[in-house]
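Biologist: Before we discuss the fold, could you put the sequence and the model on the screen, so that we can go through the strands and the core together?

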Amino acid sequence: MAKINPYLHYNGNAEEAFQFYKSVFGGEFVSLARFKDMPPNPEYPIPAEIGDKIMHIALPIGEHDILMASDVPPSLGTVNENENRSKISITAESKEEANRLFEGLSKGGAVEMPMEDSPWGSYFGMFRDRFGIEWMIDYSTK
């Protein structure tokens, strides 16, 4: 069966964001490559100012999922973080885990819906983190 893993783009702060996510989820990066790590290509030179930025980073979340990202080089434009309406949905294994993830990831962000019992029967919350990424946390006993 195919797997779906979220891939996020940042305006130069992917490393800061992923250090933050690592502090909440735990674990270790399974991949971290910087633009300066790419082999030189005269057709597509890497500007020195983005050499230390993240070309690719991956953090396992649980047993089967991987959160991945990169910084967007300025030559490709700016990511409009306030217009990013895609959400990452996490299904927690317990109410305690749902609260821990919500509290950790929403710190410094903007809560859209606090963690509470939802009309559809689950324990649910929604927010935008301090990096502009939107998350939904859900726990259901069903």
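Biologist: Which residue in the turn of the hairpin formed by β7 and β8 has a positive phi?

Modeller: Bear in mind that this is a predicted model. Strands β7 and β8 (residues 134–139) run antiparallel and are joined by six bridges, and the hairpin that they form has five residues between the two strands. Within that turn, the residue with a positive phi, of about 90°, is G132.

Biologist: Which residue of β8 stands opposite M126?

Modeller: M126 belongs to β7, where it is the bridge partner of M113. Towards β8, the residue that stands opposite M126 is M136.

Biologist: Why can strand β7 be described as largely enclosed by the rest of the structure?

Modeller: One face of β7 carries Y123, G125 and F127, and the other carries F124, M126 and R128, all of them buried. Because burial thus extends to six of the six residues of the strand, residues 123–128, β7 is largely enclosed by the rest of the structure.

Biologist: Which element gives the most residues to the largest nonpolar core?

Modeller: The largest nonpolar core has 31 residues, and those with the most contacts inside it are Y10, F18, Y21, L105, W135 and I137. Elements that each supply at least two residues of this core include β1 (7–10), α2 (95–106), β7 and β8. The element that gives the most, with seven residues, is α1.

Biologist: Which strands stand at the edges of the open four-stranded sheet?

Modeller: The order of this open sheet is β1-β4-β3-β2, with mixed pairing. Two of its strands have a single partner strand each, so one side of each is left without a neighbour in the sheet. Those edge strands are β1 and β2.

Biologist: At about what angle to β3 does α1 run?

Modeller: Strand β3 is joined to β2 by four bridges, the two running antiparallel, and R34 stands opposite I54 in β3. Helix α1 lies across β1, β2, β3 and β4, and its angle to β3 is about 10°.

Technical notes: Residues numbered from 1 in each chain as written. Predicted model: local features only at pLDDT ≥ 70, side-chain atom pairs only at ≥ 80, totals over all residues. Heavy atoms only, no water. Buried < 20%, exposed > 50% of the residue type's maximum accessible area, 1.4 Å probe, protein only. Pairing = 2+ DSSP bridges. Core = buried A, V, L, I, M, F, W, Y, C linked by side-chain atoms within 4.5 Å. Contact = heavy atoms within 4.5 Å. Axes fitted to C-alpha atoms, helices over the stretch in contact; angles between N-to-C directions.
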